[in-house]
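Hello,

Here is the structure I promised to pass on to you.

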Amino acid sequence: CKLRQQSRVHLLRRPRLRPRSHSLTLSMAGLENPHRADLAPSLRAVVAQEDTARGLELCCIFAGPDADGAAPATGGRAASSSSSSSPLRVHSGAAVQGWMRAAVDMLRGHWPRNESLYERQLVKAAGLVRALPCSYVITRDGECIGHIRMDETFDAGAMGCGCASTFVIVARHLQRQGLGRFLMSLAEQEAAALGYHYMYLWTKDAVPFYERCGYAVCQRVNLYRPVLRALDERKISALEAMLAQKLRRGSLEEPTETAAGSEPGAASPAPTVGTAAAVADEVWLRKRLREEVAAEAISPSARLEEVRSALADLPDGECCAWSYRLLDVPWQRQVGPSCGLAAVRMIRDAFLQWRPEQETRHHASLLAAALERGITSDGEIYDLDDLLSLARDICGLQGSILDTNDLVAADFVTLLSQGHLLFLPYDADASTKLPVLRQGAHAHCGIVVGACWRQVGSQVLDLREAWPEEAPASREDLLLFVQHSGSQRLAIAPLSAWLASNAQLESFNKSVFKVKDLNLSGKVVRFKGIV
């Protein structure tokens with residue numbers, strides 16, 4: 001038995017007979033030798049950001065057979081968002097080799113480590129032009145004086161597209177001259193140009209420096225999941241719809257809170273310089289790069305097809321006709337924990353779309369006003385009085401707070417028929433965004449944009465527009481369509497489920513959000529127009 005165990009261990013430790021395959025255009029051959037004199041000869045550098053006054057250039061390192069590969073970014077999650085339309089200046093040859101060699105030397109001087117490990121770590125990021133992961137060097141007069149590498153991150157709580165800056169270093173003889181802050185500024189401009197919303201980083205001893213650069217302490221996040229990089233918004237929405245359908249049919253188990261959040265980073269620990277996993281004394285920080293993203297129009301026909309698909313999954317949903325009311329509201333994805341601000345913007349855009357003659361001061365920054373008033377730390381608002389005041393003063397929206405106990409099912413249909421929009425706070429399921437009971441731990445909000453109810457006597461799935469007089473009396477029989485900023489897909493559930501979730505909003509994660517107590521329970525906000 002002992003010989004058999006030893007032979008089994010020997011087989012498990014047998015070296016690979018074939019080398020690993022790499023999907024990047026850069027060949028990794030020869031980099032296993034720590035004494036290799038040259039880095040990969042196919043490396044190029046393209047100028048991504050520059051400051052002509054200081055003579056500084058932020059150059060993106062990429063791999064390509066020739067300079068013709070220096071087109072704007074064509075890979076990665078946010079590559080298509082690159083705004084660079086001017087011809088890109090490309091460096092190649094010995095200059096780029098020397099820059100990367102200097103970057104490796106600077107990193108080794110600060111974090112002692114095997115040279116070949118740094119080479120593999122930096123060079124393996126060289127893939128497509130301006131598509132993360134990617135290494136950047138800052139140069140002056142043809143000399144590399146700093147380095148930063150950016151990777152994509154995944155943070156479900158941020159509801160935005162984020163990236164992380166790693167391997168940040170400035171030449172030792174140029175430190176304490178403002179160059180590090182300038183390097184971070186150029187990197188943030190590049191990340192924003194590529195469409196990212198947040199910049200993350202982690203450090204042990206440089207927290208005060210990054211706080212002076214505008215960063216705030218946050219929770220640890222994971223590197224972006226590569227399987228999602230090739231998916232655009234439409235494909236992600238389709239994936240969400242498929243998983244939601246499986247959850248409704250009971251063929252897929254819903255993840256528990258313990259698996260999702262009890263041990264942050266346990267499934268995919270964040271890497272750090274010098275080790276394979278993050279350590280306890282590292283501090284994570286992040287900085288918001290964008291306040292909002294552009295709104296998108298979703299056609300009413302596409303919404304009706306979505307509703308029809310959801311109704312078909314209900315018990316006996318295909319065996320009856322449905323009456324409905326539906327409003328056309330532009331959709332906007334939230335950036336960070338700002339679902340309330342995103343909902344106010346969607347309501348504002350809807351009224352301006354319906355009544356374009358009522359132009360108002362709608363371009364003012366909601367986030368800046370909320371920060372100035374001290375009612376938020378990063379876009380989250382947990383007091384409906386504060387939100388209503390902000391929407392009225394900044395966007396000119398007319399609204400009032402309603403007690404849900406005073407509303408019956410027909411009132412919701414009546415408000416929709418009058419063109420009014422309801423701002424509805426609730427606890428959202430992490431995957432489907434449907435209403436759940438979490439005592440405010442998953443507080444979210446949406447806009448009631450439609451409703452439907454069964455018709456009596458029909459046995460065929462059909463949708464027809466109806467009037468408020470036909471609305472049902474029971475809250476169980478009325479389904480609300482709630483548009484939220486977490487996904488393009490509507491959240492569709494009975495009115496009773498929405499109100500039950502709204503009624504139990506009592507607390508929130510005070511370790512993350514430093515705001516006062518909730519003022520959301522048992523209330524909705526009715527918006528009826530723009531002043």
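Predicted model: local features only at pLDDT ≥ 70, side-chain atom pairs only at ≥ 80, totals over all residues.

Let's begin with the cores. The largest nonpolar core has 78 residues, and Leu-397, Leu-478 and Phe-527 touch the most other members. Helix H9 (residues 339–354) gives the most to this core, contributing nine residues.

Next, helix H2, which covers residues 94–110. Its 17 residues reach 25 Å from the first C-alpha to the last, close to the expected 24 Å. Buried residues in H2 include Trp-99, Met-100, Arg-101 and Leu-107.

Finally, the charged pairs: the structure holds 15 salt bridges. In one of them, the side chains of Arg-149 and Asp-151 meet at 3.0 Å, N to O, and both residues are buried. Another joins Asp-378 to Arg-288, with the closest N and O atoms 3.0 Å apart. That pair links distant parts of the chain, 90 residues apart: Asp-378 lies in the loop between helices H10 and H11, and Arg-288 in strand S10. Asp-378 counts as buried because its relative accessibility is 15%, under the 20% cut-off. By contrast, Arg-392 bridges to Asp-393 at 3.9 Å, and Arg-392 counts as partly exposed at 40% relative accessibility.

Enjoy exploring!

Best wishes

Methods. Residues numbered from 1 in each chain as written. Heavy atoms only, no water. Core = buried A, V, L, I, M, F, W, Y, C linked by side-chain atoms within 4.5 Å. Buried < 20%, exposed > 50% of the residue type's maximum accessible area, 1.4 Å probe, protein only. Helix = DSSP H or I, 4+ residues; strand = E, 2+ residues; numbered from the N terminus. Expected span 1.5 Å × (residues − 1). Salt bridge = Lys/Arg side-chain N within 4 Å of Asp/Glu carboxyl O.
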